[in-house]
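Subject: Structure handover

Hello,

Here is the structure I said I would pass on. My notes on what was found in it follow below.

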Amino acid sequence: FQLSDYQRELVAVTREFARAKFGPQAFTWEGRDAFPREYLALLAAQGLAGITIPEADGGQGATLLDAVLAIETIAQVCPAAGD
């Protein structure tokens with residue numbers, strides 16, 4: 001099994017994004033009862049919210065594996081953002 005060129009690029013870009021946007025606050029939300037809602041706006045602006053929604057419906061049209069790769073990459077930096 002090999003990741004496609006698109007998937008490798010997705011992981012690299014997502015890792016850079018996660019480090020820049022979530023790295024400084026990583027693990028500061030642990031133990032709280034609330035989800036940091038501002039994270040969703042950042043993910044949406046990056047095109048990562050609704051990644052598996054068809055393009056015709058306003059999503060990225062990506063596969064479930066693409067979404068899992070993005071979630072895993074973000075969660076490696078900040079588990080709260082990966083949620």
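Phe17, Phe22 and Tyr39 are linked into a cluster by ring pairs. Please keep in mind that this is a predicted model. I start with that cluster and then go through the rest.

Aromatic rings

A pair of aromatic rings is described by two things, the distance of the centres and the angle of the planes. There are two aromatic pairs in the structure. The pair of Phe17 and Phe22 is edge-to-face, because the ring planes stand at 85 degrees, with the centres 5.5 Å apart, and planes over 60 degrees apart count as edge-to-face. Both Phe17 and Phe22 are buried.

The other pair joins Phe22 to Tyr39 and is tilted, with 55 degrees between the planes and 4.7 Å from centre to centre. Which parts of the chain does the pair of Phe22 and Tyr39 tie together? Phe22 sits in the loop between α1 and α2 (37-45), while Tyr39 belongs to helix α2, so the pair connects parts that are 17 residues apart in sequence. Tyr39 is buried, as is Phe22.

The chain as a whole

The protein chain has four helices and zero strands. Along the sequence, the pattern reads α-α-α-α. Of the 83 residues in the protein chain, 34% are buried.

Salt bridge

Side chains of opposite charge can pair when their charged atoms come close. How many salt bridges does a search of the whole structure find? The search finds one. This salt bridge is formed by Arg8 with Asp5, and the closest N and O atoms are 2.3 Å apart. Helix α1 holds both Arg8 and Asp5, which are three residues apart, about one turn of the helix. Arg8 has a relative accessibility of 41%, so Arg8 counts as partly exposed. Asp5 has 59% and therefore counts as exposed, since the cut-off for exposed is over 50%.

Surface patch

A nonpolar patch on the surface is formed by Phe1, Leu64, Leu65 and Val68. Together these residues have about 460 Å² of accessible area. Phe1 is placed in the segment before α1 (5-21). Is Phe1 buried or exposed? With a relative accessible area of 81%, Phe1 is exposed.

Largest pocket

The volume of the largest pocket is about 210 Å³. The pocket is lined by 14 residues, and the closest to its centre are Leu43, Leu48, Ala49, Ile71 and Gly82. Three helices, α2, α3 (64-77) and α4 (79-82), each supply at least two residues of the lining of this pocket. Which helix gives the most to the lining of the largest pocket? That is α3, with four residues.

Residues apart in sequence

The distances are C-alpha to C-alpha.

- Ala18 and Thr73: 55 residues separate them in sequence, and 7.8 Å in space, C-alpha to C-alpha. Ala18 is part of helix α1. The relative accessible area of Ala18 is 0%, so Ala18 is buried.
- Glu38 and Ala81: the two are 43 residues apart in sequence, with 9.7 Å between them in space, C-alpha to C-alpha. Glu38 lies in helix α2. Because its relative accessibility is 44%, Glu38 counts as partly exposed.
- Asp66 and Ile51: the separation is 15 residues in sequence and 7.9 Å in space, C-alpha to C-alpha. Asp66 is found in helix α3. Asp66 is buried, as its relative accessible area is 5%.

Where to look

If you open the model now, one place to begin is Phe22, which is in the loop between α1 and α2 and pairs with Tyr39. From there you could go to Arg8 and Asp5 in helix α1, and then to the pocket lining, to which α3 gives four residues.

Regards

Notes:
Residues numbered from 1 in each chain as written. Predicted model: local features only at pLDDT ≥ 70, side-chain atom pairs only at ≥ 80, totals over all residues. Heavy atoms only, no water. Patch = residues over 30% accessible without salt bridge, like charges linked within 9 Å, V, L, I, M, F, W, Y side chains within 5 Å. Areas by Shrake-Rupley, 256 points an atom, 1.4 Å probe, with all protein chains shown as cover. Salt bridge = Lys/Arg side-chain N within 4 Å of Asp/Glu carboxyl O. Buried < 20%, exposed > 50% of the residue type's maximum accessible area, 1.4 Å probe, protein only. Phe/Tyr/Trp six-rings, centres within 6.5 Å; stacked < 30°, edge-to-face > 60°. 1 Å grid on protein atoms, 1.4 Å probe; cavity = no way out; pocket = protein on both sides within 12 Å on 5 of 7 lines; lining within 4 Å. Points joined across faces, edges and corners; volume = space filled by probe spheres on them.
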